[in-house]
Structures are given as structure tokens and as C-alpha cells.
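Subject: Structure handover

Hi,

Here is the structure I promised to pass on to you. Have a look at it first, and then read on for what turned up.

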Amino acid sequence: MSIRLGDEAPNFTAITTDGEIDFHAWKADSWAILFSHPADFTPVCTTELGRTAALKDEFAKRNTKAIAVSVDPIVDHHAWAPDIAEVGGIPVNFPIVADPDRVVSEAYDMIHPGEGDTSTVRSVFVIDPNNKVRLTLTYPKSVGRNFDELVRVVDALQATDAAPIATPADWRPGDRVIVSPAMSTADARQRLQNVEEIKPYLRWADQP
Ligand code: BEZ
């Protein structure tokens with residue numbers, strides 16, 4: 001079954017490179033980035049997991065934990081980890097789920113048979129502290145993901161949760177934001193700084 005924004009992220013127990021976990025208990029009240037990769041010992045995946053390890057401090061600043069999934073067995077994950085560390089320049093510092101029975105992959109609809117086999121595609125789920133799915137992305141096997149974008153969307157989700165705002169195209173933290181369409185310009189001027197009405201439906205403000 002496909003997962004939609006706002007759905008509760010399915011819980012699971014699984015063997016990972018950090019031992020057995022219960023996903024919701026492991027995540028607790030953090031944000032989580034749950035992402036699948038097609039297979040161990042493959043080039044694009046090696047760069048992606050290395051990049052994830054390198055971003056640990058950025059994720060931690062945002063109360064965010066990363067966790068990877070593939071259908072390969074735990075013995076392969078452990079054997080592959082030194083390669084990821086060598087390529088990424090930092091040891092793997094997040095759990096990699098072994099999902100040979102496809103319990104997690106099927107719960108999150110990570111297998112797309114049209115992609116040629118029964119391995120997982122490059123799915124991403126950003127999950128909030130209440131276990132709600134807040135963002136999904138699906139990339140084909142041939143295209144590595146932009147992990148800076150994952151950090152940016154966590155920033156945007158946290159900013160838009162904290163104030164009645166939305167973020168414009170290509171927004172980066174500190175850039176001007178958009179006043180929520182649900183808020184009047186008069187109310188926005190009470191709540192936000194430097195409100196500027198470009199159109200009745202497009203009002204800019206400083207990021208609170
Ligand atoms: C890769 O990670 O390099 C990869 C994995 C599966 C298919 C194609 C590429």
C-alpha cells in the first residue's frame with residue numbers, strides 16, 4: 001500500500017547494523033529520514049550512504065536520525081560498511097536495516113517492479129516526531145539523491161511547523177518566507193517582520 005503525506009509511518013522491528021530495533025522506539029521523539037537503496041556493494045549507493053554518515057552532525061542539530069534499508073542480508077551490510085567508510089571518509093554512524101523478507105520494503109512500498117527487479121528503489125520518507133510522514137521522494141536506481149536537499153527540507157518543515165509561513169522555491173534557511181495563505185495581511189503584520197504584499201495571495205516576510 002502506498003504511503004501518503006500525513007499517514008502514520010508504519011512501525012517495524014528489524015535487524016540492523018546496530019542490532020535489532022523497533023523503529024518507533026528507536027526514533028522516539030526525533031525526526032527521521034528513512035531511505036531505501038537498491039543493493040549493497042553498488043556504486044551510487046556507496047556514495048549515498050557515505051554522504052549520510054558525513055551529515056550526522058547536521059542531522060543531529062535538527063533532532064533528526066537517518067536509517068537506511070535494503071533487501072540485502074545483514075551479513076552483506078556488515079561486509080559493505082568498511083567500503084562506505086572508505087569512500088565517505090567517515091565510519092557508518094546510522095543503522096542499515098536488513099530486509100531480506102521485504103517486510104519493511106512492502107510496508108513502505110519501496111519495491112517498484114517496473115524498475116526491473118524486486119529490489120528497493122531509492123525511496124525517502126521524512127517522518128516527524130509524531131511519526132507522521134511529512135515528505136516522500138522516489139528516485140530511480142540510476143540517480144543518486146541530493147542529501148543537502150534532505151537537510152533543507154527538514155529545515156523547511158521545521159520552520160513551517162513553527163510559524164504560519166510557507167517556503168518559496170529554492171528557499172534556504174534565513175531567506176525570506178511566504179505568509180501562510182490562511183493568514184490575513186493585517187494579522188501577518190502583527191505576527192511577522194517586514195511583511196510585504198506583492199499580490200493579495202503572495203506576501204513575503206522575514207523568517208521568524
Ligand atoms: C548503484 O547504487 O550504483 C546502483 C544500484 C542498482 C542499480 C544501478 C545502480
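Predicted model: local features only at pLDDT ≥ 70, side-chain atom pairs only at ≥ 80, totals over all residues.

**The ligand site**

By that cut-off, the ligand is surrounded by Pro38, Thr42, Pro43, Val44, Cys45, Arg122 and Lys141. Four of the shell residues are nonpolar, one is polar and two are charged. Helix 2 (residues 43-54) supplies the largest share of the shell, with three residues.

The side chain of Thr42 has an N or O atom 3.0 Å from an oxygen atom of the ligand. For Val44 it is a backbone N or O atom that lies 2.7 Å from a ligand oxygen. Arg122 again uses its side chain, with an N or O atom 3.0 Å from an oxygen of the ligand. On its own the ligand has 260 Å² of accessible area, and the protein covers 73% of that.

**The largest pocket**

The largest pocket holds about 170 Å³ of space. Its lining includes Asp18, Trp26, Asn93, Phe94 and Pro95. Helix 3 (56-61) and strand 4 (64-70) are the elements that each give two or more residues to this lining. By type, the lining residues are six nonpolar, three polar and three charged.

**Domains**

The protein is divided into domain 1 (13-149) and domain 2 (163-205). Their C-alpha centres are 34 Å apart.

Technical notes: Residues numbered from 1 in each chain as written. Heavy atoms only, no water. Near = heavy atom within 4 Å. Polar contact = N/O pair within 3.5 Å; in protein donor to acceptor, adjacent residues only side chain to side chain. Areas by Shrake-Rupley, 256 points an atom, 1.4 Å probe, with all protein chains shown as cover. Helix = DSSP H or I, 4+ residues; strand = E, 2+ residues; numbered from the N terminus. Nonpolar A, V, L, I, M, F, W, Y, C, P; charged D, E, K, R; others polar. Domains from an automatic or database assignment. 1 Å grid on protein atoms, 1.4 Å probe; cavity = no way out; pocket = protein on both sides within 12 Å on 5 of 7 lines; lining within 4 Å. Points joined across faces, edges and corners; volume = space filled by probe spheres on them.
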